[in-house]
Amino acid sequence: MVGGCCVCSDERGWAENPLVYCDGHGCNVAVHQACYGIVQVPTGPWFCRKCESQERAARVRCELCPHKDGALKRTDNGGWAHVVCALYIPEVQFANVLTMEPIVLQYVPHDRFKQGKIRDFGISGSSRPPPHGSFPVYPDPRLLGVR
Ligand SMILES: [Zn+2]
Ligand SMILES: [Zn+2]
Ligand SMILES: [Zn+2]
């Protein structure tokens with residue numbers, strides 16, 4: 001996948017907030033340092049949390065949307081969720097706002113989980129999920145506080 005950051009979709013990188021590419025085999029994750037909560041960008045290879053975990057790809061899927069590609073993080077219940085999904089849903093929090101992990105799902109109302117696609121919930125005017133691999137761009141106020 002050619003494109004920008006998995007979280008904010010911007011293709012640009014900055015000296016103080018570079019775009020970092022995952023070196024995992026077959027992984028296309030690219031994220032800004034600040035978008036993924038990377039405290040220190042390594043000089044060598046960098047792996048996203050999913051690749052780092054060595055967990056079998058088939059078992060990794062976002063708890064909040066139907067997609068499994070993209071920039072995922074561990075959740076507090078041992079699962080996975082996209083950073084974008086976590087930012088999108090107001091009840092979802094980051095236990096550590098600096099590292100942006102784990103993603104805390106316990107405040108999400110349970111009836112949203114029953115839908116199986118929490119992220120579609122409440123998007124006005126549309127119940128359609130976004131096309132695969134593309135996420136809507138939206139302001140993420142919580143992100144701006146992370147610096
Ligand atoms: Zn970004
Ligand atoms: Zn990866
Ligand atoms: Zn997701």
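Where pLDDT is low, the predicted coordinates should not be read in detail.

I noted that this is a predicted model, in which local features need pLDDT of at least 70 and side-chain atom pairs count only at pLDDT 80 or more, while totals for chains, interfaces and linings use all residues. Residues are numbered from 1 along each chain as its sequence is written, and chains are lettered from A and ligands numbered from 1 in the order in which they are written. For the protein, I found a mean pLDDT of 82, with 74% of residues at 70 or more.

Next I checked cysteine 35, which sits in helix H1 (residues 33-36); helices (H or I, at least four residues) and strands (E, at least two) are DSSP runs, numbered from the N terminus. Cysteine 35 counts as buried because it has 26 C-beta neighbours inside 10 Å; the cut-offs are 20 or more other C-beta atoms within 10 Å for buried, 12 or fewer for exposed, and partly exposed in between, with C-beta atoms placed from the backbone. Its C-alpha atom is 8.0 Å from that of valine 83, 48 residues away along the chain.

Last, I looked at strands E5 (residues 93-96) and E6 (residues 101-104), which run antiparallel and are joined by three bridges; strands pair if DSSP finds at least two bridges between them. Asparagine 96 has glutamate 101 as its bridge partner. Four residues separate the strands of this hairpin, and methionine 100 in the turn has a positive phi of about 60°.

Technical notes. pLDDT = per-residue confidence, 0-100.
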